[in-house]
Amino acid sequence: MLIHDRYGVIVTIVAAAGAVLAVASLLRPALLPTVRVYLRLSVFAVAVQVVIGIALVFGGHRPPALHWFYGAATLVALPLAMLIGGSRDARTEPIWVMGGAVATLLFAFRAMTTG
């Protein structure tokens, strides 16, 4: 379980950096393509964390139900916001991306505190 806890801290830091970059892309729209790539890599990092957590469940560790909820929300928030933002115009897409990045950060932090 130690690796899941430590990697959770790393995922939260990565999510925080993504949120800061997403906010910066509101001020400088030219950053948005770079931010999108970073956030896709962040989603991959969250997915690895989920795989580690599921492996721990199969190993006998049973986290609280809230940890399951916030872990799933962390995994889904950013891809969903990027999907919705991608179907919007160029003016509102960065707002959706920023919202998803901030939601991912908040859910990651909350998952870390419940598990």
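In the predicted model, Val9 has a relative accessibility of 40% and therefore counts as partly exposed, a class that lies between the limits of 20% for buried and 50% for exposed residues. Val9 is found in helix H1, and together with Ile13, Phe109 and Met112 it makes a nonpolar surface patch of about 370 Å². The elements that give two or more residues to this nonpolar patch are H1 and H4.

A search of the whole structure finds 1 salt bridge, which is formed by Arg36 and Glu93, with the closest N and O atoms 3.0 Å apart. Because Arg36 lies in helix H2 and Glu93 in helix H4, the pair ties together parts that are 57 residues apart in sequence. The two partners fall into separate classes of accessibility: Arg36, with a relative accessible area of 22%, is partly exposed, whereas Glu93, with a relative accessible area of 13%, is buried.

The largest pocket holds about 500 Å³ of space. This pocket is lined by 25 residues, of which His4, Gln49, His67, Gly71 and Ala111 are the closest to its centre. Two or more lining residues are given by each of helix H1 (2–27), helix H2 (32–58), helix H3 (65–86) and helix H4 (93–114), and the largest share of the lining, 7 residues, comes from H2. When the lining of the largest pocket is divided by class, 14 residues are nonpolar, 10 are polar and 1 is charged.

Conventions. Residues are numbered from 1 along each chain as its sequence is written. This is a predicted model: local features need pLDDT of at least 70, side-chain atom pairs count only at pLDDT 80 or more; totals for chains, interfaces and linings use all residues. Side-chain values use heavy atoms; hydrogens and water are left out. On a 1 Å grid over the protein atoms alone, a cavity is a set of points where a 1.4 Å probe fits but cannot get out, and a pocket is an open set with protein on both sides within 12 Å along at least five of seven lines; lining residues have an atom within 4 Å of a point. Grid points are joined across faces, edges and corners, and a volume is the space filled by probe spheres set on the points. Helices (H or I, at least four residues) and strands (E, at least two) are DSSP runs, numbered from the N terminus. Ala, Val, Leu, Ile, Met, Phe, Trp, Tyr, Cys and Pro count as nonpolar, Asp, Glu, Lys and Arg as charged, and the others, Gly among them, as polar. Patches are made of residues with over 30% relative accessible area and no salt bridge: like charges are joined within 9 Å, nonpolar side chains (Val, Leu, Ile, Met, Phe, Trp, Tyr) within 5 Å. Accessible areas come from the Shrake-Rupley method with a 1.4 Å probe; for residues, only the protein chains shown count as cover. A salt bridge is a side-chain nitrogen of Lys or Arg within 4 Å of a carboxyl oxygen of Asp or Glu. Buried means under 20% relative accessible area, exposed over 50%, partly exposed in between (1.4 Å probe, protein chains only).
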